[in-house]
Amino acid sequence: MALYSAAAAVLAGLERGEGGLKSLVYNSGFPHVRQLYALVSETLRYASVLEKLLDGAALLQAEKKLAPQLAKVLVYDLLFGQGLKCGGRWKALARRHRARLEAELARMKVRHKVSRNEDLLAPEKAVNTAGEWARAGWAPCAGSSGGLCLTCPAPAASQVPRYVRVNTLKTCVDDVIDFFKRQGYAYLGKAASVEELKTLSGKEFLLDLHLPELLVFPSQTDLHDNLLYTSGHIILQDKASCLPAFLLGAVAGSHVIDACAAPGNKTSHLAAILKNKGQIFAFDVDPKRIATMNTLLTRAGVTGCQLAQQDFLTVDPRDPKYSSVTHILLDPSCSGSGMVTRGPGEEAPLSAERLQALAGFQRRVLNHALRFPALQRLVYSTCSLHQEENEHVVQAVLQEWGSAFRLVTAFPSWPCRGLAAFSGAESCLRASPAETLTHGFFVAVLERCKEGAAAPSSLPAAAKESPQPGEGTEPGATPKKRKKKKQKMKE
Ligand code: SAM
């Protein structure tokens, strides 16, 4: 099959919800999978622009036999890609409409007051484009007429299993497995692949392949009334949301900040990793969420956590109280566009202004976190799909800090990486229903470089006064390697 037809077939498969991008590409039979993957991802990235161009140039009306997916691929390559290097008869067809398409593109740029094609990708009214949902693996809504329903990601919720984090402050994995077995569940051992998680049904469960204290049940499993849950022995937490604390690499005795902490699932995970030894400073501005968090932390048996209702941006990094803080978990407010459990119409579409405001806040709060003098390692995470809240935030802040901090490869064996927004973005990780069977999520791990830690010129004066590495860093604050402790399981 030729490249363009293969790409169109993958797009059609995505729209029909036949699988995720990667699996459809690999199963396409097309010999050059990288080339195919790149073309489809780029076409998806430009999906909303392409739809408008097709409409404006009335291409589908003029070419009745041209399928919309193939039209998108051709127009993408003609205007934004390689310029139709291959394509045989399709190339000839697309070229016949070239002048009209180019004129339409020029008009669109004038309307949007931009000069570069890339700038058309900036969000307009609603930023949840078909491409973004499709990339994240959302299936089409039954109610949408063949295309992707942009407001109703609910169907994909059924793809995401029920993840259960064992709260090691109160119990251990073996005991929880035994408990469920006694309740009539069938333990199938440790999963060997993400694919295996999809095969779970009825009362079966597995140990997760990536996270040692995570059990995986079929998505319909409801454990909210289960004694283990009500007593805080297990936490119902999506797998992606378990990554930040796991990847932070703090060990028992560490001083850690959880900057935007409520309702506290990641804080209680941190406390479990620290074995309640050390100090967690947890902040959140929202009093109601703080109240919920208090209840959850108590139920989870968390001690050694100072919880404060405070804007993290007002926390003074130079306060001696925080002089031993070596690790920060930063999971700030975000658009939540990666969450799959919301019902249709629960949220108004995200406006460009709101997205910009969120990204601005995320940049500020990340910058602020990097000002803590003994900080060695920071995890930045969001449950957003938008590059503006993810790769772009990390890129902007790293640029400001010059050589002071670097990205480290988060979970090298994790299959889904950061989008190629800048060189090195693949060090970040992403999660999605299609590729990792989780909610949509983003994680970046930043580490202080040993040398060359100049404060960024664009930061407020106080930031420039932050001690350089070595200065003001207490002896105990040297980087601590994360103990690679894998709990051995009796199967
Ligand atoms: N990490 C939490 C967890 O795992 O349960 C979820 C955090 S939620 C994504 C973001 C939180 O940031 C919200 O609870 C919100 O109230 C809080 N927040 C927003 N702005 C803040 C600020 N300036 N300082 C501290 N917390 C803030």
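## Val194 and its contacts

Apart from residues within four places of it in sequence, Val194 is in contact with Leu209, His210, Glu435, Thr436 and Leu437. The structure shown is a predicted model. Val194 is found in helix α11, which covers residues 194-198.

Is Val194 buried or exposed? Its relative accessibility is 14%, and a residue counts as buried under 20%, so Val194 is buried.

## The protein as a whole

The protein contains 19 helices and 13 strands. It has 491 residues, and buried residues make up 53% of them.

How much do residues 24 or more positions apart account for, among the contacts with a separation of 6 or more? Their share of these contacts is 69%.

## The ligand and its surroundings

The ligand is surrounded by 19 residues, and the closest are Asp284, Arg289, Asp311, Phe312 and Asp331. The residues of this shell divide into nine nonpolar, four polar and six charged.

In the side chain of Arg289, an N or O atom is 2.5 Å from an oxygen atom of the ligand. Asp311 has a polar side-chain atom 2.8 Å from a nitrogen atom of the ligand. For Asp331, an N or O atom of the side chain is likewise 2.8 Å from a ligand nitrogen atom. On its own the ligand has 600 Å² of accessible area, and the protein covers 88% of this.

Strand β9 consists of residues 325-330. Six of its six residues are buried, so the strand is largely enclosed by the rest of the structure.

Which strands pair with β9? One is strand β6, residues 255-258, which runs parallel to β9 and is joined to it by four bridges. Within this pairing, Val256 stands opposite His327 of β9. Another is strand β10, residues 377-382, which also pairs with β9 in the parallel sense over four bridges. Here Leu329 has Val379 in β10 as its bridge partner.

Pro317 is located in the loop between β8 (305-309) and β9. With a relative accessibility of 2%, Pro317 counts as buried.

Not counting residues up to four places away in sequence, Pro317 touches Tyr322, His368, Arg371, Phe372 and Pro373. Among these, Phe372 is 55 residues from Pro317 in sequence, while the two are 4.7 Å apart from C-alpha to C-alpha.

## Helix α13

Helix α13 runs over residues 239-248. Why is helix α13 largely enclosed by the rest of the structure? The reason is that 10 of its 10 residues are buried. These buried residues are Lys239, Ala240, Ser241, Cys242, Leu243, Pro244, Ala245, Phe246, Leu247 and Leu248.

At the start of α13, a side-chain oxygen of Asp238 comes within 3.2 Å of the backbone nitrogen of Ala240. After the helix comes Gly249, whose phi is positive, near 75°.

Ser427 lies in the loop between β11 (405-408) and β12 (429-431). Its relative accessibility is 13%, and Ser427 therefore counts as buried. Leaving out residues up to four places away in sequence, Ser427 touches Leu407, Val408, Thr409, Ala410 and Arg417.

Arg430 lies in strand β12. This residue is buried, with a relative accessible area of 9%. Which side chain does that of Arg430 join in a polar contact of 2.8 Å? The partner is the side chain of Glu391.

Key. Residues numbered from 1 in each chain as written. Predicted model: local features only at pLDDT ≥ 70, side-chain atom pairs only at ≥ 80, totals over all residues. Heavy atoms only, no water. Near = heavy atom within 4 Å. Polar contact = N/O pair within 3.5 Å; in protein donor to acceptor, adjacent residues only side chain to side chain. Areas by Shrake-Rupley, 256 points an atom, 1.4 Å probe, with all protein chains shown as cover. Nonpolar A, V, L, I, M, F, W, Y, C, P; charged D, E, K, R; others polar. Buried < 20%, exposed > 50% of the residue type's maximum accessible area, 1.4 Å probe, protein only. Helix = DSSP H or I, 4+ residues; strand = E, 2+ residues; numbered from the N terminus. Pairing = 2+ DSSP bridges. Contact = heavy atoms within 4.5 Å.
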